[in-house]
Amino acid sequence: MLNIPHQYYLCTAEQSRFMDKQTINEFGIDGFTLMEIAGTRAADFILSEIPNSSHGLFFCGKGNNGGDALVIARLLSQQDYDITVCFLSRRDDLSADAGKNLKLLQKLDVEIEILDWDDFTLNKTEYDFVVDGMLGTGLNSDVRAPYSDAIEWLNKQDIPTFALDVPTGLHADSGRILGTVVQADFTLSFGALKTGFYLNEGFDTAGEVILCELSFPNKYKKPTAYLIDEPWVEANSPSTQTKKHKYDGGVLYIVAGSEGLTGAGILAAKSAWSAGLGAVVLITPKGLLEIYEKQLIQIIKKPVGSRDDMYFKESHVESVLDILQGKPGKLLIGPGLGRQKETIHFTQKILQQFGGDAVIDADALFALSQWENWEKPEEAHWILTPHPGELKGIAKQEVNDDFERFQIASKLAQQEDYTILSKGMPSIVATTKETPYMTGYDTRIFSRAGFGDVLAGKTGAFWLKYEASELACFHALLDGHQKTMESDKPTGQLEPLDII
């Protein structure tokens, strides 16, 4: 069981409300105190980013999101900041805690400008930063006026924007935009990170996400996903021992290639080799051997069939299975296989008869999607690495956006008893366990041609090194991200071989 710190928990709006409610009603910390803690943590961060004597504008709704903003306004006013508060709803309709914080704000001995939206539209004052405290995690329908008007005005300003808990207009669970949305520079998330920050438009809307911890007891923290993070992945990874013989750590067998698609196998094999494996064995139709001999000097090649064979056929099944029974190891099948009818049948029979660990990628996923009523061998362990289109084929249902992809991959992995590395932005790792994982960094680079083959090779290699399928996926994703960040080339010029 991985030891995952609570700061990497991703929660839905409902889970956030549950933590808040239980802390108030069962544990005994009242809502006003939680609001004070949230506002204090957010104010501390804004103090670190915005110099004193700056003029801040606070857009406030009538609920607790507006109350959080009022706490921050009060605290910053005591640190020599000029404060303007603009209410988007009637001030006599505030929630109890928000109303109490308005009264506290008005008790201060500093001048604070308090406006309603109609007054604000006539105001020509210039501001140094904006705090979005309009609508929080409870929003489930399109933003309406005057909130939408305030968002339109805010997004035209060239000043830092701090969103409280979630940018107004962003669905906290799905990351979908509800009509319009605040384009935040920073999102100060209270109590837990929200799944919507990393799905669909959330990543490009929330800006830099800052977790503001609240006094929620750990027993109330129930995540819907975990954020993949390098420190805790490394902390939970067993150390790899130096091998005395190249076969001691096992072999990664790669079944790949067809005429015109040899590059995929080359990328996967080089990627696996670069991860430090002692042995990578490429199994390929004999007619392609000359190409691989020139490109993969350090890789062992095992050809099957005759010199005329340019793709895998059903007649090759027995030969391939014999090779796979040689040295203990794991299988990567799919890169550049092609979609000839004979190759599809070959792939299906290999998957049906090979009872070991297999990474199923690319054209092997297509073969799987064409297989009616298939069953994974009971003793086999599989990692599937689909992009959204391939996931649609495997699941036999539409995948319209990243939130649906997250839900479908999670459900499918548990139902069918395998691990899914769902490629996309974010990348999602769904396992037989109840809680899946997702990346919190930009993985759009992996969507370019060739990166899937590199990722598949890394996944197979790390599976040999760490045994646990989820750790293999984590390390493959993190390794690819690190190599991408280390490259001196602009992202648009990166080639797949740059990250191996």
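Begin by selecting Ser 174, which is found in the loop between strand 6 (161-164) and strand 7 (186-190); helices (H or I, at least four residues) and strands (E, at least two) are DSSP runs, numbered from the N terminus. The model is predicted: local features need pLDDT of at least 70, side-chain atom pairs count only at pLDDT 80 or more, and totals for chains, interfaces and linings use all residues. Residues are numbered from 1 along each chain as its sequence is written, and side-chain values use heavy atoms, with hydrogens and water left out.

Ser 174 has a relative accessible area of 1% and is therefore buried (under 20% relative accessible area, with exposed over 50% and partly exposed in between; 1.4 Å probe, protein chains only). Display next its contacts (heavy atoms within 4.5 Å): leaving aside neighbours within four places in sequence, these are Gly 196, Leu 199, Asn 200 and Phe 403.

From that list, select Asn 200, in the loop between strand 8 (193-194) and helix 7 (202-205). Asn 200 is not a glycine, yet its phi is positive, about 50°. With 17% relative accessibility, Asn 200 counts as buried.

Return to the loop between strand 6 and strand 7 and select Asp 165. Here too phi is positive in a residue other than glycine, near 70°. Asp 165 is buried, its relative accessible area being 12%.

Two peptide bonds come next. Most residues other than glycine have a negative phi, and most peptide bonds are trans. The bond joining Ala 145 and Pro 146 is cis, with omega about 5°; Pro 146 is placed in the loop between strand 5 (129-133) and helix 6 (147-155). Met 425 and Pro 426 are also joined by a cis peptide bond, with omega about 5°, and Pro 426 lies in the loop between strand 17 (419-422) and strand 18 (428-430).

Now select Asn 64, Asn 65, Gly 136, Thr 137 and Gly 138, which lie nearest the centre of the largest pocket among its 35 lining residues. A pocket is, on a 1 Å grid over the protein atoms alone, an open set of points where a 1.4 Å probe fits, with protein on both sides within 12 Å along at least five of seven lines; lining residues have an atom within 4 Å of a point. Helix 1 (13-27), helix 2 (31-49) and helix 3 (64-77) each supply at least two lining residues, and helix 1 gives the largest share, 5 residues.

Finally, show the whole chain, which has 17 helices and 19 strands. Its C-alpha trace spans about 90 × 45 × 45 Å along its principal axes.
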